[in-house]
Amino acid sequence: MANSSPLPRRRANPDPDQIIKVLEKSYGLPEGTIKSKTRIAHIAEARMVFYLIAKEFDISTSEVAHYVNRTRKAVFSGVKSIEKKIRN
């Protein structure tokens, strides 16, 4: 039976590790860099982009924080920071 719903099907959420791998490749970063403790600007930016993408896929702040070894507050702050950077 065909899908009679007028709304498109929502795709399954990607695995956070998949998102991280794609971002690391896109940013030219070695594997595991986004999860590292470094605060180097371009790495921190890639990490914040991960936060934003995860938010768009409704991945909880707690889960995101777990994947990158950060606090929920750090993730929330990172989302706000990258959203502000995108707006400007």
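Modeller: D15 sits in the segment before α1. The model is predicted, so local features need pLDDT of at least 70 and side-chain atom pairs pLDDT 80 or more, while totals for chains, interfaces and linings use all residues. Residues are numbered from 1 along each chain as its sequence is written, and side-chain values use heavy atoms, without hydrogens and water.

Biologist: Why is D15 called partly exposed?

Modeller: The relative accessible area of D15 is 34%. Buried means under 20%, exposed over 50%, and partly exposed in between (1.4 Å probe, protein chains only). D15 is therefore partly exposed. Its C-alpha atom is 9.4 Å from that of A54, although 39 residues separate D15 and A54 along the chain.

Biologist: What makes K35 partly exposed?

Modeller: K35 has 30% relative accessibility, and so counts as partly exposed. K35 belongs to the loop between α1 and α2.

Biologist: Which residues does K35 contact, leaving aside neighbours within four places in sequence?

Modeller: They are D17, I20, E24, Y67, V68, N69 and R70; a contact means heavy atoms within 4.5 Å. K35 and R70 are 35 residues apart in sequence, yet their C-alpha atoms are 8.8 Å apart.

Biologist: Why is E83 called buried?

Modeller: The relative accessibility of E83 is 18%, so E83 counts as buried. E83 is in helix α4 and touches L52 and K55, not counting residues up to four places away in sequence. Over the protein, buried residues make up 33% of the 88 residues.

Biologist: What elements does the protein have, and in which order?

Modeller: There are 4 helices and 0 strands, and the order from the N terminus is α-α-α-α. Helices are DSSP runs of H or I with at least four residues, strands runs of E with at least two, numbered from the N terminus.

Biologist: What makes α2 roughly perpendicular to α4?

Modeller: α2 and α4 (residues 72-87) pack at about 95°, with their axes 8 Å apart. That angle makes α2 roughly perpendicular to α4. Roughly perpendicular covers 65 to 115 degrees; under 35 is roughly parallel, over 145 roughly antiparallel, and the rest oblique.

Biologist: Which residues of α2 meet α4?

Modeller: E45, M48, V49, Y51, L52 and K55 of α2 meet residues of α4 including A74, V75, G78, V79 and E83. By class, this contact of α2 with α4 has 9 nonpolar, 2 polar and 4 charged residues.

Biologist: Where do α1 and α2 meet?

Modeller: In α1 the residues are P16, I19, I20, L23 and Y27, and in α2 they are H42, E45, A46, V49, F50 and I53. The axes of α1 (residues 16-27) and α2 (residues 41-56) come within 10 Å and cross at roughly 145°.

Biologist: How many residues are in the largest nonpolar core?

Modeller: The largest nonpolar core has 21 residues, and L23, I34, F50, Y51, V64 and V68 have the most contacts inside it. Such a core is a set of buried Ala, Val, Leu, Ile, Met, Phe, Trp, Tyr and Cys residues joined through side-chain atoms within 4.5 Å. At least two residues of this core come from each of α1, α2, α3 (61-67) and α4. The biggest share, 8 residues, is from α2.

Biologist: What does F50 touch, not counting residues up to four places away in sequence?

Modeller: F50 touches P16, I19, I20, L23, V64, Y67 and V68.

Definitions and conventions:
Axes fitted to C-alpha atoms, helices over the stretch in contact; angles between N-to-C directions. Nonpolar A, V, L, I, M, F, W, Y, C, P; charged D, E, K, R; others polar.
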